[in-house]
Amino acid sequence: MQNVTLWGETLRLLVEVAATAAFALSGILEGARKRLDAVGVVVVGFLAAFGGGTLRDLLLDQRPFFWVHHVELLWGVLGLSVLAMLFLRTRHFEVTERAMQWPDALGLGLFAATGAHQALLLEMPPLVAVLMGIVTGVAGGVLRDVVCNQIPSAFRDHRPYAVCAFVGGWVYVGLWAIAAPGWLALSGCVGVTAGLRGLALWRDWQLPQWRL
Amino acid sequence: MQNVTLWGETLRLLVEVAATAAFALSGILEGARKRLDAVGVVVVGFLAAFGGGTLRDLLLDQRPFFWVHHVELLWGVLGLSVLAMLFLRTRHFEVTERAMQWPDALGLGLFAATGAHQALLLEMPPLVAVLMGIVTGVAGGVLRDVVCNQIPSAFRDHRPYAVCAFVGGWVYVGLWAIAAPGWLALSGCVGVTAGLRGLALWRDWQLPQWRL
Amino acid sequence: MQNVTLWGETLRLLVEVAATAAFALSGILEGARKRLDAVGVVVVGFLAAFGGGTLRDLLLDQRPFFWVHHVELLWGVLGLSVLAMLFLRTRHFEVTERAMQWPDALGLGLFAATGAHQALLLEMPPLVAVLMGIVTGVAGGVLRDVVCNQIPSAFRDHRPYAVCAFVGGWVYVGLWAIAAPGWLALSGCVGVTAGLRGLALWRDWQLPQWRL
């Protein structure tokens, strides 16, 4: 049993690191596309990777931030930016983004779960917990796009992204409400969120259109 | 007397709900104009409706946020977004915006008063209290426009908006300083702010121009 | 000795006021270029002058903000905006910006030092302290540019700016670690930051390019 817990923890850590790298890379590539200088690329990478969790902690009044406890994450994104600038060329961008889709989807689910979890610990109402999950998963990309002077892709892409985290968040809240074990709520949320996101990309689902 | 208090409370609640709806609708319509998807429309509606009060609470370090106590407000804006997407067409936009001018102006006054009130309770200096009132009333619209990738209309419209809340805020601070009863300070602030805003729209007042 | 301390304090205050004015003016001029109305000009001036320190205090959970203790700074920027609108014409803009380069560079160093200092007092790790210094010095300009709907110049200028604060911040952290006296750490950080910035402008240094 202890062995299983250890495996679970390791898996979770792996997903978290891969997702943070995927989020950071989305910022680094966007910065490159906008022809930012080295400082801009690093900052946009930071915003994309840490913006969501930081905003969640700011809203829930949790301090110190997770990246104060895990400074190695900051160094990692800094190193990733330098590596990208040295080795990534325009022709690699699309391949990289395709490869990042799964870590990104898993990260969306993981971050939705951690956001909801923190809010539930603070006895927030269910809807607020779900929203905190979405903030954790989505706000980094929003900040990235706002700083790059474009409408956030999460708001105009018409492919479900935040909606997957919304459904996954309710799964987490529901399993929490019936006092399911923590690993079940976590994997339920990650599975549903990432599964929906995968399905949406595979079947090319579109959000319902506003007929103006 | 108790009857009057009850009436006052009801009136205040009515203004608050109407103003929140007006702020949310301004975001929903802006999102529609920018062809955002359903998620984007909802988020911009949320930002416009709750952004100002949330930023105020963040700056004054007040937790939990008002929308944690009143989750029904969140559900309300969510429902309003869905209704708007189902029933509002482009030809309704201008009519809706015209109809929203009065709830918007009253809400600006009410939010200016609540912002100043909270700051005064925390013994902030008068100017800071007035600024917190303006933040409460104006920041939601600013966030809405930043996310929609345009210069905030509150900063380039040349029709007085924040300025009305500035004057109204000083009215509130002044009446508070002479220990006037709460309902008087509140209605003074709302009356002056909404009155000035109404006059500005009616007489087409313009802010003084910077001759460059 | 006491005399020296007094001189140091006066010098520091002078730099702080000059730097705040330089930061505010950068916002006021940007607002004028974007043809904002009077409210917009004042707000962008406020954001440029106080945005960095406020974001730092928000992230480090320090309240009340420095401008609550020093309301005269708020009045000062308000007055500066009015004076600029009355007397500055387009032909003065470039001259003003050139004259502001030194106060701006000194302020970058001073704000980097105060940001790092506050983080170190809270026992943050060195990298976080350096980042807090950069946030203090740079975030105001970033907010100014985001509200003016352009990519922050700090991220696409290719002339070292945040990088100077990065180096200066490490100087501060290093001197703090070896328990150097406060005035030495402060002047070391300001000297290195402003010196590097001056050199960068004089020799026209460019950040390394990402070969895409």
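**Interface and symmetry of chains A and C**

Me: How many residue pairs are in polar contact across the interface of chain A and chain C?
Reply: The model is predicted, and both residues of a pair must reach pLDDT 80 or more to be counted. Under that rule, the residue pairs found in polar contact across the interface of chain A and chain C number seven.

Me: Which elements of chain A give two or more residues to the side that touches chain C, and which of them has the largest share?
Reply: Two or more residues each come from helix 1 (2–33), helix 2 (38–60), helix 3 (66–69), helix 4 (71–87) and helix 6 (126–147) of chain A. The largest share is eight residues, and the element that provides it is helix 2 of chain A.

Me: How much area do chain A and chain C bury between them?
Reply: The contact involves 32 residues of chain A and 28 residues of chain C. Carbon and sulfur atoms carry 74% of the buried area. The area buried between the two chains is about 2500 Å².

Me: What rotation axis relates chain A and chain B?
Reply: Chain A is superposed on chain B by a rotation of 120 degrees, with 0.0 Å of shift along the axis and an RMSD of 0.0 Å. The two copies are therefore related as by a three-fold rotation axis.

Me: Which residue of chain A has the C-alpha nearest the axis?
Reply: The axis in question is that of the rotation superposing chain A on chain B. The nearest C-alpha of chain A is 3.8 Å from it and belongs to A:Asn149.

Me: What share of the contact residues of chain A recurs in chain B?
Reply: The copies use different surfaces. The recurring share of the contact residues of chain A is 14%.

Me: What is the radius of gyration of chain A?
Reply: Chain A contains nine helices and zero strands, and its C-alpha trace spans about 50 × 50 × 30 Å along the principal axes. For 212 residues, a compact globule would have a radius of gyration near 17 Å. Chain A agrees with this expectation, its radius of gyration being 17 Å.

Methods
Residues numbered from 1 in each chain as written. Chains lettered and ligands numbered in written order. Predicted model: local features only at pLDDT ≥ 70, side-chain atom pairs only at ≥ 80, totals over all residues. Heavy atoms only, no water. Contact = heavy atoms within 4.5 Å. Buried area = accessible area lost by both parts, 1.4 Å probe. Polar contact = N/O pair within 3.5 Å; in protein donor to acceptor, adjacent residues only side chain to side chain. Helix = DSSP H or I, 4+ residues; strand = E, 2+ residues; numbered from the N terminus. Least-squares fit on C-alpha atoms with pLDDT ≥ 70 in both. Rg over C-alpha atoms; globule rule 2.2 N^0.38 Å.
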